[in-house]
Amino acid sequence: MQKNNYEKTLKFVVLLSIKNQNYFLPKNMVQQIISNSFKKAKKLPLNKQSKYILFSDCHRGDNSFADDFVKNRNIYYHALRNYFEKGYTYIELGDGVELWENRNFNEIFYAHKDIFMLLREFHLENRLHMLWGNHDMILNNPKTASNLFDTYFDKISATEKDFLKGISFEESILLEPEGLDKNILLIHGHQADFFNYVLWKWSRFLVRFLWKPLQIIGIKDPTSPAKNFIELIKVERRLKKWILANNNQMIIAGHTHRPRFPNPNELPYFNDGSCIHPRSITGIEIENMQISLIKWHIISHNDGTMQIVKTILEGPQSIALYLK
Ligand SMILES: [Mn+2]
């Protein structure tokens with residue numbers, strides 16, 4: 001009898017979680033959520049001298065089987081170090097740390113300490129801006145963010161040391177180009193994903209107790225737009241609907257893990273992809289008032305050496321063409 005109940009509950013949970021979101025989606029709620037994130041965006045200037053690098057969806061984990069970031073950590077470190085040396089400002093568009101699969105940030109910190117210390121170097125020069133996504137949504141609470149990111153425990157000296165003290169995690173950023181009326185909205189993108197924005201605690205519960213264990217036997221979370229193409233297309237469609245209803249407002253998002261770079265005559269929806277592609281990381285560079293989609297990956301040479309290189313996938317294209 002007990003086993004039966006357990007199976008029933010499991011079936012119910014699975015069915016509910018993969019049920020079409022639209023059934024219980026209040027009309028226009030998603031559009032309202034995106035509008036709200038537009039209104040409360042933190043403003044950053046954009047001019048000929050600005051250099052921004054945008055990455056998202058690193059999903060840094062604890063170096064266990066479920067840590068999707070591990071395979072690209074060296075590529076990512078090299079790329080970010082390169083941008084640091086060249087004077088770029090780093091904007092991370094959410095899902096930087098994987099706090100659904102892991103409850104303990106300390107373990108993530110020690111697994112990728114070199115990278116976190118590099119983020120600290122950006123922060124000390126006021127060149128780091130962070131958004132929260134769905135997998136790190138708890139960071140929208142300033143208290144939680146400061147608990148996790150103000151200091152870290154240094155094992156050698158057995159003392160607390162400063163980490164990203166004073167950093168604030170935002171929902172959205174508005175890049176305001178000098179001399180132009182329109183601007184660029186940066187969001188994680190789960191604002192267009194009701195299940196992962198409003199019901200994120202429920203999604204997190206499922207990831208912890210259902211999808212993560214099922215990952216071992218190859219079953220993927222069907223509610224994640226990063227792992228399910230139908231969900232992905234729905235998120236993109238809702239973002240584009242909002243762009244159209246809001247005077248062609250340019251958006252750069254992450255969340256879906258699908259890089260997007262429109263032509264100037266198309267709807268200005270950009271996506272920086274993710275840092276957990278099988279063999280590469282993708283991101284968006286903004287420099288000299290131009291935008292490019294880039295990827296960093298490894299090539300191997302005939303003599304057996306390997307090298308991390310950057311390939312420009314799209315652009316550079318003038319930003320003004322998207323802000324008409
Ligand atoms: Mn996400």
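Which residue in β10 is the bridge partner of Ile184? The partner is Met250. The points below set that pair in context.

1. Basis. This is a predicted model: local features need pLDDT of at least 70, side-chain atom pairs count only at pLDDT 80 or more, and totals for chains, interfaces and linings use all residues. Residues are numbered from 1 along each chain as its sequence is written. Helices (H or I, at least four residues) and strands (E, at least two) are DSSP runs, numbered from the N terminus.

2. Five-stranded sheet. The order is β1-β8-β9-β10-β11, in an open sheet with mixed pairing. Two strands pair if DSSP finds at least two bridges between them. β1 (42–46) and β11 (269–271) are the edge strands; each has a single partner strand, so one side of each lacks a neighbour in the sheet. From one strand to the next the twist averages 25 degrees. Angles run from 0 to 180 degrees between N-to-C directions, and axes are lines fitted to C-alpha atoms, for helices over the stretch in contact.

3. Pairings in this sheet. β1 and β8 (residues 172–177) run parallel and are joined by five bridges. Lys42 stands opposite Ile173 in β8. β9 and β10 also pair in the parallel sense, over three bridges. β10 and β11 run parallel with three bridges. There, Ile251 stands opposite Tyr269 in β11.

4. β10 is covered on both faces. Met250 and Ile252 are buried on one side, Ile251 and Ala253 on the other. Buried means 20 or more other C-beta atoms within 10 Å of the residue's own; exposed means 12 or fewer, and partly exposed lies in between, with C-beta atoms placed from the backbone. In a regular strand the side chains alternate between the two faces of the sheet.

5. Helix α2 (residues 29–39). Val30, Ile33, Ile34 and Ser37 are buried. These four cover an arc of only 95 degrees around the axis, which puts them on the same side of α2. The arc is that of the directions from the helix axis to the C-beta atoms. Met29 and Lys39, on the other side of α2, are exposed. The buried residues of α2 pack against β8, β9 (184–187), α7 (194–197) and α9. Contact here requires C-beta atoms, placed from the backbone, within 7 Å.

6. α2 against α9. The axes of α2 and α9 are 10 Å apart, and the helices pack at an angle of about 65 degrees. α2 and α9 are therefore roughly perpendicular. On this scale, angles under 35 degrees count as roughly parallel, over 145 as roughly antiparallel, 65 to 115 as roughly perpendicular and the rest as oblique. The crossing of α2 and α9 is right-handed. A crossing is right-handed if the near helix is turned clockwise from the far one by less than a right angle, and left-handed if anticlockwise. Val30, Gln31 and Ile34 in α2 meet Arg238, Lys241, Trp242 and Ala245 in α9.

7. Seven-stranded sheet. A further open sheet runs β7-β4-β3-β2-β12-β13-β14, with mixed pairing. β7 (169–170) and β14 (306–318) stand at its edges with a single partner strand each, so one side of each is left without a neighbour in the sheet. β3 (residues 89–93) and β4 (residues 128–131) run parallel, joined by four bridges. His129 in β4 is the bridge partner of Ile91.

8. A cis peptide. The bond joining Gly315 and Pro316 is cis, with omega about -5 degrees. Pro316 is in strand β14. That is worth a look by eye.9. Asn63 has a positive phi of about 75 degrees although it is not a glycine. Asn63 lies in the loop between β2 (51–55) and α3 (73–85). With 15 other C-beta atoms within 10 Å, Asn63 is partly exposed. Asp95, also not a glycine, has a positive phi of about 55 degrees. Asp95 lies in the loop between β3 and α4 (105–111). Asp95 has 30 C-beta neighbours inside 10 Å and counts as buried.

9. Phe149. This residue is in helix α6 (residues 142–149). Phe149 counts as buried, with 24 C-beta neighbours inside 10 Å. Leaving aside neighbours within four places in sequence, Phe149 is in contact with Phe163, Leu164 and Ile167. Asn106 is 43 residues from Phe149 along the chain, and their C-alpha atoms are separated by 9.9 Å.

Notes:
Two residues are in contact if their C-beta atoms, placed from the backbone, lie within 7 Å.
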